[in-house]
Amino acid sequence: MHRRLTVAAVAVAAALLAGAPPAAAHVELESSDPAQGAALSSAPSAVTLTFSGPVAANPESVRVTAPDGSAWRVSDVEASGSVVTAAVVAAGPAGVHGLAYRVTSDDGHIVTGTIRFTLARPAPTTPPSTTAPATTATITTATITTGAPTTTSAAPVSVATPSAPAEDTEDGGGLPAWFWVLFSAVLVWGALWLFRARRS
């Protein structure tokens, strides 16, 4: 009797286990770009993570670290269903880099991991900004004509005034010129008078 009860209990337990639904599997990473162990000739401008189920992400869900510990700049982290994408800007030297992720599945399970890939070239560096030397500008003074009247101050001009002609004097023993003119007129008048007297 006791043996029969034991067999019956085992049969019931087996039936219950057979009819129970399978335990739900946790979400895990299926693929990535760059892939695990990838060797890249140049740094990517974006990364993609594909999971086995829908996940939620935030700005801190994706991080990329260079061999020297430099952190890449990560922006625009977005989760669309089971795919997470992010824009990245490389930093640091060449070598093995780590792409770390941390997302949350629909059942609240935290999914984390790190993808290792090798970058053959160091990240491009931005050259330091240089200040161009100041150039000396030659300022040319220009005359600006405006509508307002302007007053021009002219320098005084010295005009030479012709001097009055000097009186024509002759050194005739100290006598003035008019005396000699009058004397000449008298002589001429006297000569004419004698000429007329002789003809008459």
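Which backbone nitrogen lies 2.8 Å from a polar atom of the side chain of Ser 61? That of Asn 58.

## Basis

This is a predicted model, in which local features need pLDDT of at least 70, side-chain atom pairs count only at pLDDT 80 or more, and totals for chains, interfaces and linings use all residues. Residues are numbered from 1 along each chain as its sequence is written, and side-chain values use heavy atoms, with hydrogens and water left out.

## Ser 61

Ser 61 sits in the loop between strand E4 (55–56) and strand E5 (62–65); strands are DSSP runs of at least two residues, numbered from the N terminus. Ser 61 counts as buried because its relative accessibility is 2%, where buried means under 20% relative accessible area (1.4 Å probe, protein chains only).

Leaving aside residues up to four places away in sequence, Ser 61 touches Val 77, Ala 100, Tyr 101, Arg 102 and Val 103; contact means heavy atoms within 4.5 Å.

## Strand E9 and its partners

Tyr 101 has Gly 113 in E9 as its bridge partner. Strand E8 (residues 95–105) pairs with E9 in the antiparallel sense over 10 bridges, pairing being defined as at least two DSSP bridges between two strands. The two form a hairpin with four residues between them, and Gly 108 in the turn has a positive phi of about 90°.

Strand E2 (residues 39–40) runs parallel to E9, joined to it by two bridges. Leu 40 stands opposite Leu 119 in E9. Leu 119 belongs to the covered face of E9 (residues 110–119), together with Val 111, Gly 113, Ile 115 and Phe 117. The uncovered face holds Ile 110, Thr 112, Thr 114, Arg 116 and Thr 118.

Conventions:
Buried < 20%, exposed > 50% of the residue type's maximum accessible area, 1.4 Å probe, protein only. Polar contact = N/O pair within 3.5 Å; in protein donor to acceptor, adjacent residues only side chain to side chain.
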